[in-house]
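Student: Can you walk me through this one? I'll ask as I go.
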Amino acid sequence: MTSSEQAELIVFIILAPLAVVTALGMVLTRNAVYSALLLVVNFFCLAGFYVLLEAQFVAAVQVIVYAGAIMVLFLFVLMLLGIGNEVVVKEQMRGQRPAAVLLALGLLVAIVGALAAGVFDAEPASLAAANEGGNVEAIGRILFTRYTFAFETAGILLVVAAVGALVLGKRQP
Amino acid sequence: MTGTVWDIFILLVKVVGVFAALMVTVLLTIWLERRIVAFMQTRVGPNRVGPFGVLQTLADGIKLFFKEDVRPSNADKLLYGVAPVIMMIPAFLAFSVIPFGFAFGSERAQLADLNVGLLFVLAMGSLQVYGIVLAGWASGSNYPLLGAVRSSAQMISYEIAQGLSLVGVFMTAGTLSAAGIVAAQQGDPLLGFIPRWYVIFQFPLFLVFLLSGIAETNRAPFDLPEAESELVGGYHTEYSGVKFALFFLAEYLNIVTVSAVATTAFLGGPDGPAPDFLPWLWPILWFAAKVFFFIFIFIWLRATLPRLRFDRLMDFGWKVLIPVALAWVAVTAVVLVVDVNLPRPVLLGAIGVLLALLLLSFLLPSSDKEKADRTAPGGSTP
Amino acid sequence: MHPLAQATTQPLPLPEVDWRAIAPELALAVAGVVLLLVVAFWPRAGRGVLAGLTLAGLAAAAALTVWNWDLERVAFEGAVSLDGITRYARAVLLAVGALATLMVAQGDSREGEPDDSPPEVFPLLLFALLGMVLLAAASDLLVVFIALEILSLSLYVMAGETRRLAAQEAAMKYFLLGAFSSAFLLYGIALCYGATGSTNLLEIADATGDPTADGTLLLAGVGLLAVGFLFKVSAVPFHMWTPDVYQGTPTPVAAFMAAATKVAGFAVFLRVFAGALGGLVVSWRPVIAGAAVLTMLVGAALAVVQTDLKRMLAYSSISHAGYLLVGVAAAATVPAGVSASMFYLLTYAFMVMGAFMVVQYVSRLGPPDDDAIGERSSLEDYRGLARRHPWAAGLLAVFMLALTGIPPLSGFWAKYYVFLAGIEAGLTWLVVVAVISSVISAFFYLRVLVVAYLQEPVGDPGAETAPGRTPALGVALGLAGLLTVAIGLAPEALIAAARSAERILG
């Protein structure tokens, strides 16, 4: 193990539990603002993982877009509506919560099992080949060659999102 | 192994050096601001502590550190304490990708040359808003909350313009790395005297960046989050002592960082004529001079312009800065791809001046008709 | 080197842009943008003008679809494939879009009242259609996801476009559950990518054909993909959102959702499962078949107890999704399953839209309804409809009988071909369940007719208001009725067209 691999491992060991704890905290805490903040910390952990995977561009975008813009808007709405305090969600159907927990655990076991089975046998793809000429350059290249069509259709998606926000937000007469 | 230890040592020296330089710059900036504003208002300004009052800020800082730390009973204990720190950290981190000189021997004068470069600065900038928002919310009081709500809307809006204004720079430089952008701006001067800085080729974006940078740092005339005539002190109304000092420090750190980014992206960074005598020193001096030039602009604007109304602020960001930046990015793309007989820099420069004039025309006082529209009942958004 | 020349030194090998392959989609996109501009800069444009422009856009897209009819190729490096499914789905979707435009143009305003839905609904309708057409043509899981989001986002907004509380609630539920299911789909796409190293359906098909590959990861991905798609086509156990959403949304939008999302959803379902994942049919067929059984029976059983026609149509659409799943389950091994499903989608789209049109017509008869509840679509409102509005009642009878599957209407042939394909694929037990479900469903479809024809109207007939002039709705009703009858009388031509759709290009 080279020293850089060691460093990567150390960073991962710090980030991974933090990511899990913040994700759990985000779901379990009753305070909406704390919940949002824990999600922000979780996004940072994700950005850290991206850096470990040598996807610096995605990491930067993760921080700029998710942590920097989307979550700020969340907080904006929370503050505007004044939902800072405890939010208690009442159970509508009896037994809904245990059932949900059970199903979620089942899904978790299934996915983790499949991942564990699949990941350890798999031949890891080469990062060096994927990042040829630099991470930013590689992403740019693939966006404008192989995934041009998906990239352009994403533009339409954004138009629809903007129009939708406009229609819903427009003050009704 | 010795290599690694040496590397770490060098890195530590650089980190401490940059940190110290930033702190000193902030002290100087605050002092400069007070002196310059005083001069513009035909006052004297601080002149007692140290020569010309230079040490006044230090004295103020020491005073703040010994003040009682008051926390409102309504405040959220954890976040109230964390907010100033969250405000500080990104401001320092953002500076780490800025090249402040060319080289000391084999070492580059830059903490880290990330390949995402200036995107990192944008990422850090986008985190700053958390400091303000949390400070406002955690204070548990109305004026700070209003300041926080305002600032989150303002900063997100201007972040877009700021990001777009760097896109044109990335496109012409062909890289996101700060060192790469500086390198792309070097070369023989045009016509023998015009440097190849992006302030010339990307003039509209330079203006957009500067304006959105002022808004991002919450400086006058965009200082609505802390508008003292409306919100007492805005998001930091409830803060005092050390925590207030941290906010104060962060605000000026941000000014320095934005100035440094503007220098890197548009003024060629440490580029400038360097005599053979002490070749490592001149770039640093050039860099410092350019940064202080921008700092002066910040101070000048603050002393000159009144605060904007909030709806006009949002209008300006969304309806002027963002479209101009987008249009210019499109123009840059066309110029970069299309084959023309004119040299590309000249073309970009010419179109840029035209667009810049257009942009500036928005700053002129609006006509009577528009004024009537704005004040008409129901005609404007409060 | 010239600093500004750097960017152009290494030109990218840009992909060839196959404009012709996506010409109908481009037409829809252009029409959508034009309508947006019209709405923005001409706020007083009447609904007639907007509807006319929308129809013009649809006509252009339809003309281009016809122009492209014989095109069979994969374009944009495998992002889009033009094959039978694509062209058949395009044709059906554009027709559904035209009918929906007429319904939306009619709106729910009476004479002299301002219309409730904003004019932006027309561009949104076009964008939703664009997403659906793209979804049917997508040959790359990334494009599948983006197209799905385009159509979903448009529909969320269209569902909540009016101020009615019920519509807002419907939009909220649709949005939350839709986003939830998108997450499953995305996770499935990620796992499939992890397992096969590609998001392209052709390459995934190659990878799944390799028997030596370890399939655990892929199977997990396929499972999550199935959950995502089953959510979108509202199959049991992921159907919870459907009744509330169909009942709450404005009727034209509900009709559009019921018909068009089914078409697009099943088109992509067929392409991904029967096409790309055909090699794994042994693994997924039990899941799809199980979902089909549950969907048919639960949908039919719950439809029996509904007293609201829109809600009943929602449950009926669930049970129809079940019959379609029989087609999907069969399609991997029997090519006729593909054509039968596509034909089913064609007939179902017109039947269900017709039924919703009658609902829209009837809801205009009573006194203006309470904003909080929604439109008048209770079974009570249909008592004695035959006596008051014989034409509407007659058309209602046609659509209900077609939905039941009574020969010689189109619904019968749809079920017939799907069941035939099921039997051919060896899924006889599944077909038996489907027939049982059809019998159950006959009960609630025919009950509507009993209410409309045999019961006396309640209350004072004089209190009833005139429906006002309904030219657009009238044309739409006529077309839907005509198609339902005509397809039933001569299904051969259309089933032959569907047969040519059997070859799936990845």
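Student: What covers the buried residues of α2(C)?
Tutor: The cover includes α1 (23–41), α3 (84–106), α4 (121–137) and α18 of chain C. Helices here are DSSP runs (H or I, at least four residues), strands likewise (E, at least two), numbered from the N terminus. This is a predicted model: local features need pLDDT of at least 70, side-chain atom pairs count only at pLDDT 80 or more, and totals for chains, interfaces and linings use all residues. Residues are numbered from 1 along each chain as its sequence is written, with chains lettered from A and ligands numbered from 1 in the order in which they are written.

Student: Which residues in α2(C) are buried?
Tutor: L50(C), A51(C), L53(C), T54(C), G57(C), L58(C), A61(C), L64(C) and T65(C). Buried means 20 or more other C-beta atoms within 10 Å of the residue's own; exposed means 12 or fewer, and partly exposed is in between, with C-beta atoms placed from the backbone.

Student: Why are they on the same side of α2(C)?
Tutor: They cover an arc of only 160° around the axis, which puts them on the same side. The arc is taken from the directions from the helix axis to the C-beta atoms. On the other side, G48(C) and W67(C) are exposed.

Student: New topic. At what angle do α13(C) and α18(C) pack?
Tutor: About 145°, with axes 9 Å apart. Axes are lines fitted to C-alpha atoms, for helices over the stretch in contact, and angles run from 0 to 180 degrees between N-to-C directions. Helix α13(C) spans residues 335–363 and α18(C) residues 471–489.

Student: Which residues meet there?
Tutor: From α13(C), they include F350(C), M353(C) and G354(C); from α18(C), L477(C), A480(C) and G481(C) are among them. Contact means C-beta atoms, placed from the backbone, within 7 Å. By class, that contact has 11 nonpolar, five polar and no charged residues. Nonpolar covers Ala, Val, Leu, Ile, Met, Phe, Trp, Tyr, Cys and Pro; charged covers Asp, Glu, Lys and Arg; the others, Gly among them, are polar.

Student: How many residues does each of chains A and C put into their contact?
Tutor: Chain A gives 26 and chain C gives 38.

Student: And which helix gives the most on the chain A side?
Tutor: α7(A), with 13 residues. The chain A side divides into 17 nonpolar, six polar and three charged residues.

Student: Last one. How many helices and strands are in chain B?
Tutor: There are 14 helices and two strands. Of the 382 residues in chain B, 46% are buried.

Definitions and conventions
Contact = placed C-beta atoms within 7 Å.
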